[in-house]
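Welcome! Please take a moment with the sequence and the 3D view before reading on.

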Amino acid sequence: MTGSLAKMYIAGAWVQGGSGDVQDIINPATGDAIGQLCLADSNDLERALAAAEHGLQIWGAVPAWDRGRILKDAADLMRDRSAEIGRLMTLEHGKTPAEAQVELVRAADFIEWGGEEARRVASRQFGARDPDVTVTIQYGPVGVVAAFSPWNYPVLQASKKLAALLAAGCSCVLKPAEETPSATIAFLQCLIDAGLPANVVNMVFGVPSEVSSFLISDPRVAKITFTGSLPVGKLLASQAGRHMKPVTMELGGHSPVLVCEDADLDSAIDILVLRKFANSGQVCVSPNRIFAHESIVEEFTRRFCEKASQVVVGDGCKNDVTMGPLANLRRLEAVQGLVSDAVARGARVVMGGARLEGAGYLFPPTVLRDVSEDSDLMTVEPFGPVVPIVSFSDYDDVLRRANATEYGLAAYIFSRDEKRQRYLADRLIVGTIGINDIPTHTADIPLGGWKDSGYGVEGGIEMTQAYLKSKFLYTKNAAWRPENGS
Ligand code: NAD
């Protein structure tokens with residue numbers, strides 16, 4: 001990969017942009033440039049869109065059964081090539097090889113699931129009130145999709161989008177994150193090698209705001225899907241709204257965790273440390289605000305920090321490292337800013353708190369106490385290895401505090417009492433609840449955010465619905481009756 005040139009995929013060919021513009025690809029563990037990425041200009045985007053429009057016809061002519069086979073074969077290739085794709089991810093994103101493998105297994109499952117769902121898109125026919133009429137509700141692809149996927153899971157997030165839209169029979173222009181292009185490119189190569197026809201998926205990179213404005217406003221684009229932050233999601237949704245285009249939005253979360261006085265602390269701490277620092281905290285469903293009952297908060301904090309101190313931070317390429325760097329300088333600065341803001345408002349840093357020495361974007365597991373509720377850390381998704389632990393004594397009050405953000409993605413409850421679990425779960429305003437565990441989003445589960453965390457779901461049997469449109473066919477033919485003759 002070092003020194004390589006990452007290209008775009010337009011109309012069935014890997015190409016450099018017409019303008020010749022490139023940008024560096026940075027290894028976040030070292031801060032070094034390890035390659036360059038080609039960027040699209042408006043002519044490239046025009047070609048990508050024209051190709052996708054053509055690709056819609058091509059993909060539509062492939063029987064659903066064969067679409068399913070292509071996706072299944074691509075999933076197998078992803079599994080075969082996971083070591084190599086994972087190596088690219090570690091170099092560009094910083095995650096450890098073990099984390100990269102977990103991501104790739106999940107991504108391959110999404111593509112395989114998409115292959116299965118492709119074969120289940122079915123129309124409905126039923127008799128109408130008039131015996132001479134047949135009513136058909138026919139489902140077909142919504143059209144060309146503009147898809148934007150982020151850098152935190154460069155293959156998984158793109159796979160969720162492609163699995164659903166390809167299953168539905170759509171074509172697309174995909175713009176993955178510019179920070180982590182190579183793993184996504186290697187993923188697309190699996191689809192190509194499995195037989196995905198040229199023009200169906202086109203992949204571009206560029207200046208994100210320019211690419212999205214161009215694609216969303218073009219009449220050939222029928223649907224927008226985006227995974228990323230709330231502000232960008234809202235911007236793209238408003239642009240799509242101006243052009244009456246449907247969207248699927250997977251935006252951030254700021255998931256509260258309620259650790260009750262009767263929680264199994266051994267298990268809760270193992271799970272929370274593992275999941276809080278996974279992917280260096282850059283996960284939309286990361287447990288971000290820990291509310292521990294006042295009777296156990298001191299013991300919980302001490303033992304949480306003991307466990308968190310076993311996390312080995314460093315270059316993911318090194319053997320015993322369990323948490324890599326933050327993925328880019330932007331995140332490092334944002335995370336440091338959240339800690340500084342909390343401290344300025346009276347928070348106490350119990351562990352970590354400042355970037356580690358060296359060239360890479362290394363930030364240690366960081367725990368804060370006495371965090372005021374108006375700190376940015378309590379209201380803005382940290383997307384990093386930072387967690388406030390705050391105490392509570394009253395359950396209705398903690399529910400109010402847990403729900404007091406614009407996010408509504410996920411929440412977690414640790415308690416042995418089933419009635420308490422139910423009471424809390426019923427009142428948390430989120431799309432996902434984990435009780436005594438933090439669930440992983442697998443292909444068979446429809447995951448989506450409530451409130452500002454998103455719109456629509458990815459995964460599950462529901463995922464293709466977002467990329468289908470229905471047509472109502474009303475057919476009147478006088479029914480044949482023997483007494484009427486031919
Ligand atoms: P961001 O929203 O600026 O960028 C996220 C992705 O969107 C990137 O791939 C970026 O290239 C792209 N993007 C940015 N502006 C765009 C535009 N105008 N048009 C099209 N694409 C655009 O956020 P970031 O700084 O990369 O990441 C920080 C925040 O993003 C996090 O705090 C988190 O809230 C959110 N995030 C969420 C997820 C998720 O899984 N929901 C994933 C990544 C990032």
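## About the model

This is a predicted model, where local features need pLDDT of at least 70, side-chain atom pairs count only at pLDDT 80 or more, and totals for chains, interfaces and linings use all residues. Residues are numbered from 1 along each chain as its sequence is written, and side-chain values use heavy atoms, leaving out hydrogens and water.

## Two domains

An automatic or database domain assignment sets the bounds: domain 1 covers 4-251 + 449-472, and domain 2 covers 255-435. Their C-alpha centres lie 31 Å apart. Domain 1 brings 25 residues to the contact and domain 2 brings 32 residues, with contact meaning heavy atoms within 4.5 Å.

## Where they meet

About 2300 Å² is buried between domain 1 and domain 2, and carbon and sulfur atoms give 56% of that area. Buried area here is the accessible area (1.4 Å probe) that two parts lose on being put together, summed over both. Trp151, Trp450 and Lys451 supply 25% of the area that domain 1 buries against domain 2, more than any other three residues.

The rule finds 2 salt bridges across this interface of domain 1 and domain 2 (a side-chain nitrogen of Lys or Arg within 4 Å of a carboxyl oxygen of Asp or Glu).

Look for an open sheet of 3 strands, ordered E6-E7-E21 with antiparallel pairing. Strands are DSSP runs (E, at least two residues), numbered from the N terminus, and two of them pair if DSSP finds at least two bridges between them. The edge strands are E6 (124-127) and E21 (468-476). Between E6 and E7 (residues 133-141) there are 4 bridges, and Gly127 stands opposite Thr134 in E7.
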